[in-house]
Structures are given as C-alpha cells and as structure tokens.
Amino acid sequence: MTVIEAENISKKYIIDHKKGNAKADTFSETFTQGIRNLFTKNSEEEVEHEDFWALKGVSFKIDQGDRVGIIGSNGAGKSTMLKVLSRITEPTEGRISIKGRVASLLEVGTGFHPELSGRENIFLNGAILGMKRNDIKQKFDAIVDFAGVEKFLDTPVKRYSSGMYVRLGFAISAHLEPEILIVDEVLAVGDAEFQRKCLGKMKDASTSGRTILFVSHNLTAVQGLCNKAMFMQKGRLIEMGETNQVLANYLSQVQKTALESWYLTPEEAPGNDKVRLKSIKLEPQFVGNLRHLDVRTPFKVKIEFWNMMDRANLNISLHLNSLTGECIFNIGTLSQSFEKGIIQAECEIPADFLNDGSYSISFMIVQDTSTVLYNFEESLIFEIEDYREGTSWYGKWPGYIRPKIDFPITQLELESVS
Amino acid sequence: MQETIIEAGHSEKHYWRDLWRFKDLLIILARRDLTVRYKQTVIGIAWAVIRPILTVSVFVFAFHKVSKIKDESGIPFEIIIFTGVIYWNFFASAFQQVSNSVTGNANLVSKVYFPRLLMPLSSVAVPFVDFLVGFFVLIPFLLYRGVPIDWHILFVPVFLFFGFLAALSLGVIFASLNVQFRDFQQIVPLIVQYGFFVCPVAFSIATVQNLSWYKYYAWLNPLAGIIEGFRWCLIPGYRFFSFQSFIPSIVFVIITTVLAIYFFRKKEKTFVDYI
C-alpha cells in the first residue's frame with residue numbers, strides 16, 4: 001500500500017539582493033517602499049529578486065513499511081524535503097498525500113524548556129511530537145530507563161550535561177509510535193555507544209512495519225537500515241530505488257572528479273629543472289557492477305614524470321598518509337638508470353587492505369638512493385567508502401587498515417548445567 | 001486511517017479540526033508557561049498578589065496625594081484605581097504575551113508542525129491566572145471598603161471574554177507582523193505604557209465626561225467601554241456604563257477578531273521562512 005505519494009513537489013525561496021531597491025527588512029523600508037511604489041509605475045524593475053528552487057518537480061511513492069534513506073550532498077534539498085513532508089513549510093507547487101500519523105524528528109529534544117525538570121520536559125516534548133498524555137504516562141518508565149536519567153528527573157534540564165540532554169531527547173522520540181517516522185540526521189550527535197543504541201532502536205522500529213524516512217550523511221547507516229534510497233541533487237530527485245544500487249550510483253558520481261591530476265607541459269608542472277610531475281592517477285579495479293571505490297576495491301596508483309637528466313639513477317619512494325598526516329606505509333621502487341624522457345611507475349593496493357576514510361599520496365624522486373630530487377607532497381587526495389555485511393554496527397570502523405584476516409571462533413567445551 | 005493532504009496554496013484544509021486534535025498540546029504549552037513563570041523565585045505566585053498592590057499604591061500616591069487629581073465619579077479613588085489596574089494588567093499582559101508568542105517559540109516553529117494558532121492561544125494562560133489571583137484580592141478589598149457584591153458580578157466573565165478577545169486579536173496581528181519585522185517588539189511596550197493613561201484605568205470615565213471631545217472618546221477608545229463595564233459588575237450603582245456605550249467595543253472586537261484570524265492564517269505559512 002502506498003502511504004506517501006508526492007506529485008511534482010517544488011519549493012521556491014526568493015533571495016533578494018540588497019542592490020538598488022532591494023527587499024525591505026524593516027518596517028520603515030517596507031513603508032517608504034510602499035509609498036514610493038504609489039508614485040512609480042514599474043516598481044518591478046527596481047527590485048532584484050532571484051528565485052531559488054530548493055526543490056524542483058520531485059515526485060515519488062513510498063509504500064508502507066519502506067525504510068527510505070535520502071542521500072545527497074549539502075544543499076541538495078534533503079532537509080527542505082523533510083520540512084515539506086512534516087508540514088513545517090508549505091510547498092510552492094505540487095501535492096502530497098500521506099496516510100497515517102506522522103512524527104518528525106528534525107532535532108533532538110525539540111521544545112525542551114531549560115527551566116523545566118526532566119520529568120516535565122518528557123511530557124512537554126512528548127506532546128510536541130504528537131503523543132497523547134496517556135501514551136506518555138504509559139511509556140514514562142521506559143523512556144527514563146532508556147535515557148538513564150532516573151536520578152535527575154526533578155532537576156531542571158539546564159543543569160543537565162549535554163550528553164544527558166541528548167539522551168533524554170532521543171529516548172522520548174524513540175518511544176513514539178507513529179505510522180510514519182521522519183528523521184533528520186539526529187544520529188550525528190552523541191558518543192559511539194549512544195549512536196549504536198539509536199540505530200538499534202531505529203532498526204526495531206523498521207522491523208515493526210513502520211515507514212521511515214531517514215536523511216543521513218552516514219552512508220553506512222543508510223545502507224544498513226534502509227531498503228530504499230533517494231538520491232537528490234540540486235533540488236531534484238535523481239534516482240530512487242534499491243539502496244545498494246542508488247548508493248553505488250551516488251558514490252560513483254561524487255568520486256568521479258578527484259582521482260587524477262595531470263599536467264600538459266613541463267612548464268606548468270610542479271617539480272624543478274631535473275624532474276617534473278606529468279601525472280598521478282588512481283585507477284580503481286572495479287569488480288562486478290561496482291562503480292565506486294570502497295574497501296573492497298583494489299586500485300592502482302600510476303605516476304608519470306618528466307626526467308630532464310641524462311643517465312641518472314632514479315627511484316620513487318611513495319608515502320600513503322592519513323588525512324591527519326600519519327604515514328600508513330612507505331614503499332619504494334628499485335633504483336634504475338634512466339635517460340631523458342617520460343618515466344612511469346605503477347603499484348597496486350590490494351582489496352580489503354585500507355580502511356574507509358580519506359587518504360593522501362606523497363612521493364619523492366630520489367637519485368642514487370640517497371639524494372631527494374623533489375618531494376611531491378599531497379599530490380593526490382582520495383576517499384575510500386565503507387562497506388560491510390553481516391553486522392548491525394554502523395559506527396566508524398576504527399583503524400587505518402582493515403585487512404581480511406582469518407579469525408576462527410569455536411566453542412571448546414559445553415558446560416553442563418548443574 | 002488518518003489521511004493528510006499537503007497541497008500548494010491550501011494546505012490547511014482541516015485547520016479547525018487540527019486545532020481540536022492538538023488540544024493536548026495547547027494545555028501542555030499553557031502549563032509550561034505557568035510552571036516556568038515563577039520558577040526559581042522564593043515567594044512564587046505571591047508575586048501575582050504583590051504586583052497589582054504595588055501598582056495601585058504607586059498610582060494612588062502619584063494621582064491623588066501628589067497631583068491631587070479629582071475623580072468626578074464620587075467613588076473612592078482607590079476603588080476606581082484597583083478595579084482599573086486589575087483589568088488593565090490582564091489586558092496589557094495578555095496583549096504583550098500574545099504579541100511575542102510566535103517569536104518566543106521560534107525553536108518549535110522551525111522544527112515541528114502544529115496549528116500555529118496554539119502559540120497565541122496558550123500564551124493567555126499566564127495573564128489569566130494572574131488576573132484570577134488579583135481578582136480574589138480585589139473582592140475582599142471591596143468588601144472591606146464597604147462595597148457590597150450584587151448580581152452584576154455574574155457579568156464579569158462577559159467583560160473578561162471581550163477583553164480576552166481584544167487582547168488576543170490585537171496580539172495575534174502584532175505577533176504575525178513581529179515574525180518579519182521585529183520593530184513591533186519595540187512598539188508593543190509603548191502601546192501598553194500609553195494605553196494605561198489613555199484608557200480609564202486610573203480614573204473613571206466620569207472625569208472626562210464633561211469635556212467637549214468626550215463623544216469621540218468612547219468611539220476612539222473601545223477599551224474604555226470594556227473597562228467601565230468591568231467596574232459596573234463590581235461596584236453597585238455604577239452609573240458610567242451603559243450598554244449603548246458598549247456597542248463600539250463590541251464592533252471593534254468583532255472586526256479585530258475577524259481581521260486577526262484572516263491575517264494570521266495568511267501569514268503563518270511563511271513564519272518558518274522569516275523567523
């Protein structure tokens with residue numbers, strides 16, 4: 001059954017420029033402008049409006065029980081979409097029909113009043129999120145338990161630590177039982193343990209047949225929680241479908257840009273009068289349908305440089321660094337004698353080796369295995385996306401490397417119950 | 001199953017039904033304002049008693065001991081002032097609270113849907129409770145001064161209702177304007193301050209009755225009729241109120257209420273874009 005049907009939704013904001021006779025910000029400006037407009041005929045010429053379409057012609061259908069992840073870069077219209085769906089703002093065009101009670105969580109602890117106690121805020125926030133008083137009473141103990149704030153129930157929340165505040169806020173929302181739940185990035189707060197708890201709760205909600213819309217930058221969480229995904233870009237819906245398919249297309253579009261840097265002539269290239277960089281390139285060796293670089297993808301690093309010396313003994317020393325600057329490994333080619341011209345080196349980084357994250361490659365060209373001719377720092381920066389199976393943990397996987405190492409586990413002895 | 005249609009232009013098809021559906025929230029918001037009002041004070045609700053008494057004392061001192069203004073009604077001036085101040089405090093603080101209700105709840109407006117009219121409605125709770133407390137101080141005071149209570153007192157809710165509607169409707173118009181133009185935040189306290197002297201709060205309408213511009217006064221100041229009506233309820237034989245003089249007030253309240261609803265509903269869709 002279709003529970004949400006959106007037809008041709010658009011949302012326009014008008015951005016006004018302060019040039020000339022721009023939009024009035026205070027009453028006096030509106031007033032004087034109004035007076036002026038009485039006397040001038042073509043007032044439209046004076047005002048500089050710019051239409052900004054935060055959403056443009058978005059149509060989709062969501063079935064009952066679907067868990068839909070909405071992904072896209074900043075400014076793609078994800079949040080506007082959630083605001084329109086949760087009726088906070090009205091669409092400029094289009095029509096949406098929603099069947100069922102909707103609860104939207106665009107923030108943790110919406111409407112908490114700092115002067116009120118934890119107990120009072122549970123009732124306040126619950127009512128704001130659309131719970132009936134009796135529902136809140138029934139779930140009160142469970143909420144307090146989930147948040148772990150028993151001792152501070154009668155303390156004003158202004159004296160809560162930020163962690164307690166967030167936990168209480170989430171605990172209340174977690175006990176909402178709407179038919180449709182709209183969630184915006186609330187999981188970006190709190191520590192790893194709390195995030196795990198939240199995602200677990202979302203998973204529970206999703207298995208109970210509820211419809212969920214979920215905006216997140218945590219692609220791993222989207223992958224783990226959602227069976228469908230919507231990819232948005234510049235206010236338009238680019239693709240909607242099976243999560244893995246949409247995620248893959250999204251990532252391949254995002255990554256397309258930065259895997260290569262090259263120079264046409266030595267004059268513009270970095271380096272010195274002995275060696276200059278021609279190109280450095282990262283070539284993913286995609287397996288199957290995959291079109292983006294994740295932890296499963298082996299890739300090649302190819303370096304080409306101009307050598308402007310005769311008969312020089314050269315080798316390359318390559319550093320792969322984390323974005324925070326730690327060196328993860330250093331490898332070197334053999335030293336060899338080269339003539340003037342273009343020299344190429346290539347290495348392959350295997351699959352299931354680097355963890356997900358951002359990395360940079362720096363390399364040096366070395367003469368006679370001892371003299372550094374030039375150090376090309378951070379000549380390529382790239383990102384490896386996450387992928388995991390068979391786990392319901394969606395937090396950041398720790399470490400720089402993530403090798404697949406055989407790690408068998410068995411039960412040795414059965415202890416008899418006495 | 002509940003079905004919601006969101007459509008460009010007329011998304012609030014079921015506005016009034018929604019308002020009813022959210023009545024729980026109305027109560028909770030009102031209770032929030034009441035609870036927060038006297039948090040972290042030592043004497044709490046006693047402030048609602050002390051404030052009008054202080055105001056009355058100061059005005060009795062200023063008007064009758066210092067500047068010796070003569071009230072023409074023949075009724076002891078402290079009774080005129082006390083009744084006037086209790087009512088004016090209710091109107092003025094309701095008007096102020098309602099005007100700030102939308103901007104004061106900005107965090108809710110931008111994060112969650114509910115009928116926006118709940119904010120002005122719920123913000124009347126605090127002035128109303130303050131009024132009740134003041135009223136129960138006023139009654140013993142009147143009895144002590146030898147003013148008996150008669151059946152007119154049954155009309156207090158009527159005049160309270162008109163004052164409530166006047167404060168709410170004016171406040172709602174200001175609240176919607178305030179979202180976009182914070183200038184109105186500056187204007188409201190001024191209106192309240194000047195209104196105190198323009199309306200028959202610290203004097204009775206009898207004082208101005210013999211002046212040549214009196215016939216315009218009642219029409220230009222619809223609150224005058226309401227305040228005098230309130231006195232009529234409490235002071236037996238009060239001669240300065242007639243239902244005829246109340247007509248401008250009724251007309252005024254009806255017009256502002258209709259305007260306020262129209263204006264608020266037109267503006268509320270864009271609150272989130274400006275707040």
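Strands (E, at least two residues) and helices (H or I, at least four) are DSSP runs, numbered from the N terminus. The structure is a predicted model, in which local features need pLDDT of at least 70 and side-chain atom pairs count only at pLDDT 80 or more, whereas totals for chains, interfaces and linings use all residues. Residues are numbered from 1 along each chain as its sequence is written, while chains are lettered from A and ligands numbered from 1 in the order in which they are written.

Within E3(A), Arg67(A), Gly69(A) and Ile71(A) point one way, Val68(A) and Ile70(A) point the other way, and all are buried. In a regular strand the side chains alternate between the two faces of the sheet. E3(A) pairs in the parallel sense with strand E7 (residues 211-215) of chain A over four bridges, where two strands are said to pair if DSSP finds at least two bridges between them. In this pairing Gly69(A) stands opposite Phe214(A) of E7(A). Four bridges also join E3(A) to strand E8 (residues 228-233) of chain A, and these two strands run parallel, with Val68(A) standing opposite Lys228(A) in E8(A).

Residues up to four places away in sequence being left out, Phe91(B) touches Gly163(B), Ala166(B), Ala167(B) and Leu223(B), where two residues are in contact if their C-beta atoms, placed from the backbone, lie within 7 Å.

Helix H6 (residues 162-174) of chain A has 10 of its 13 residues buried, so H6(A) is largely enclosed by the rest of the structure; the buried residues include Tyr165(A), Arg167(A), Phe170(A) and Ile172(A). At 1.5 Å a residue, the 13 residues of H6(A) should span 18 Å, and the end C-alpha atoms are 18 Å apart, which agrees; the expected span is 1.5 Å times one less than the number of residues in the helix.

The contact between the two chains takes 33 residues from chain A and 27 residues from chain B. On the side of chain B that touches chain A, strand E1 (3-7), helix H2 (23-37), helix H6 (106-109) and helix H14 (271-274) of chain B each supply at least two residues, and the largest share, six residues, comes from H2(B). Strand E4 (residues 93-99) of chain A and E1(B) pair in the antiparallel sense over five bridges, and Arg95(A) stands opposite Glu7(B) in E1(B).

Several residues of chain A outside these regions can also be described. Lys340(A), found in the loop between strand E15 (336-338) and strand E16 (341-349) of chain A, counts as exposed because it has 12 C-beta neighbours inside 10 Å. The C-alpha atoms of Lys340(A) and Asp310(A) are separated by 5.5 Å, although the two residues are 30 residues apart along the chain. Asn8(A), in strand E1 (residues 2-16) of chain A, has a positive phi of about 55 degrees although it is not a glycine, and Asn8(A) is partly exposed, with 15 other C-beta atoms within 10 Å.

As to confidence, the model scores ipTM 0.83 and pTM 0.74. The mean pLDDT of chain B is 87, and 97% of its residues reach 70 or more, pLDDT being the predictor's confidence in each residue, from 0 to 100. In chain B, confidence is highest in helix H7 (residues 118-122), at a mean of 94, and lowest in helix H11 (residues 214-220), at a mean of 73.

Definitions and conventions. A residue is buried if 20 or more other C-beta atoms lie within 10 Å of its own, exposed if 12 or fewer, and partly exposed in between; C-beta atoms are placed from the backbone.
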